[in-house]
Amino acid sequence: MTAQAKFLEGSLMRHVVGMSLAGSVGLLAIFLVDLVDMVFIAMLGQPELAAAVGYAATLQFFVTSASIGLAITAGALVARSLGAGDEPTARRYATHVLIVAFGLIVTLVAVVLWFVTPLVTVLGARGETLGLTVIFLTITLPAAPMMTMGMIGGAILRSHGDARRSTVATVSGGAVNAVLDPIFIFGLDMGLSGAAWASAISRAVLMVVAFWPLITTYGGFGRVRARAFLADMRAIFAIAAPAMLANSATPVGNAYVIATAAGFGEAAVAGMAVIGRVVPVAFAVVFALSGAVGPILGQNFGARRIDRVRDAYRDALIFVGVYTVLIVGLLWTLRWPLAGLFELDGLARDLLFLFAGPLSLLWFFNGVIFVGNAAFNNLAHPFYATWINWGRNTIGIFPFVWLGGQLFGAKGVLVGQLTGGVLAALVSLWLVERVMKEAAGGPPSGPFAHWELHRKMVQLFANRH
């Protein structure tokens, strides 16, 4: 039975769970390495180091978010061409997206490095922590284009149906980082700089391992011709623009959270940095769910099986709920070992304990947003995902975090960060319901149904894809 036939028949819950678990493997490799980085840095016994990693991660997230949007673009265009049996066009799109991505990421990295000190200062870093953060970013950011190329290479491999080699590339980069971390940090006594160099080298490995099968197995890349390159820009940015806009919202929200937490001292930033490393590992399956449920929704939508689209969306939400409850129980059980692993005490430990309890149940609402975004992207309303993400990371972050900080200090910042997701999740649920009604043949609906610009943007995307 083909992958398409499986999505159109059989148990939707089984497809949702299976694809989410499989998709989380590569993400988990990346997130585990970040977690190991933080463990080794914590062993150095300086809270300034952990705080520096927290500040650096906030700025790095802007670059990573753009990279994710570009990888989504490459995957969509290459997959569509391969589905039509047009391999030369698939190679051409792969080549052109890589060129665009390289230019955009190099430019973004150059801008961030040029303003790195004032940017880190705005986030709240001071004194020794400021200097450490700048050193870390000066080493890791120049390697970001290689990370982007590796991510795009992995997306192209998945478009070919080669999820195994894509996962191998991600795991290889993570394994190299994990091996080099203790060697550089402790063996060569490089400290924080050692962690940065280990990350930079791992990104080069990710790129090489992802590109190798593309060149040796799938025919490499196409020849660059100026006319074809310019002609493809419209199709590339029809996907890349909303994808990068949607992904760029999260680092904006995180930057405000870190800047607010910085007002309560480096211990608060260190605690938030540790939570920021624990969350992706604990909820890796939820992070993967958006990409996993998308093909299920999309193929059933293409087959006009709206009943199964609705059922798949419902099953994905049920899966998020069950998974969240299980993970919250695990976090609660491991809260003391986690605090010991990262050598946390005082306020930093209090923040971890606050998160690793009932408060983390609110992560369910972030899962609702992820599943909703998958529905929007696959039901021809990609800009809904952009608006939801930006709403969640502005209206759903700024007032809640500010009020929480005013009332309860650093703990209130954490509470506000998670509470704001509830509102965005409810809006997402409401919008998805209207999008599905429209897909089933009802009249256009939703809060922007009569906005002419919105209709034109959606139609452009639909015509192109």
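Student: Is S199 buried or exposed?
Tutor: Buried, because its relative accessibility is 7%; buried means under 20% relative accessible area, exposed over 50%, partly exposed in between, with a 1.4 Å probe and protein chains only. This is a predicted model, where local features need pLDDT of at least 70, side-chain atom pairs count only at pLDDT 80 or more, and totals for chains, interfaces and linings use all residues. Residues are numbered from 1 along each chain as its sequence is written, and side-chain values use heavy atoms, leaving out hydrogens and water.

Student: What does S199 touch?
Tutor: D37, T140 and N177, not counting residues up to four places away in sequence. Contact means heavy atoms within 4.5 Å.

Student: Which helix is S199 in?
Tutor: S199 lies in α9. Helices are DSSP runs of H or I, at least four residues, numbered from the N terminus.

Student: How do α6 and α9 pack?
Tutor: α6 (residues 127–140) and α9 (residues 192–216) pack at about 20°, axes 8 Å apart. Axes are lines fitted to C-alpha atoms over the stretch in contact, and angles run from 0 to 180 degrees between N-to-C directions. The two helices are therefore roughly parallel, the term for angles under 35 degrees.

Student: Which residues of α6 make the contact?
Tutor: L132, I135, F136, I139 and T140; on the α9 side, S199 and R203 are among them.

Student: Other topic: where is confidence lowest?
Tutor: In helix α20 (residues 452–464), with a mean pLDDT of 41; pLDDT is the predictor's confidence in each residue, from 0 to 100. Helix α18 (residues 398–408) is highest, at 92.

Student: And what is the mean for the protein?
Tutor: 79, with 83% of residues at 70 or more.

Note on methods: Parallel < 35°, antiparallel > 145°, perpendicular 65-115°, else oblique.
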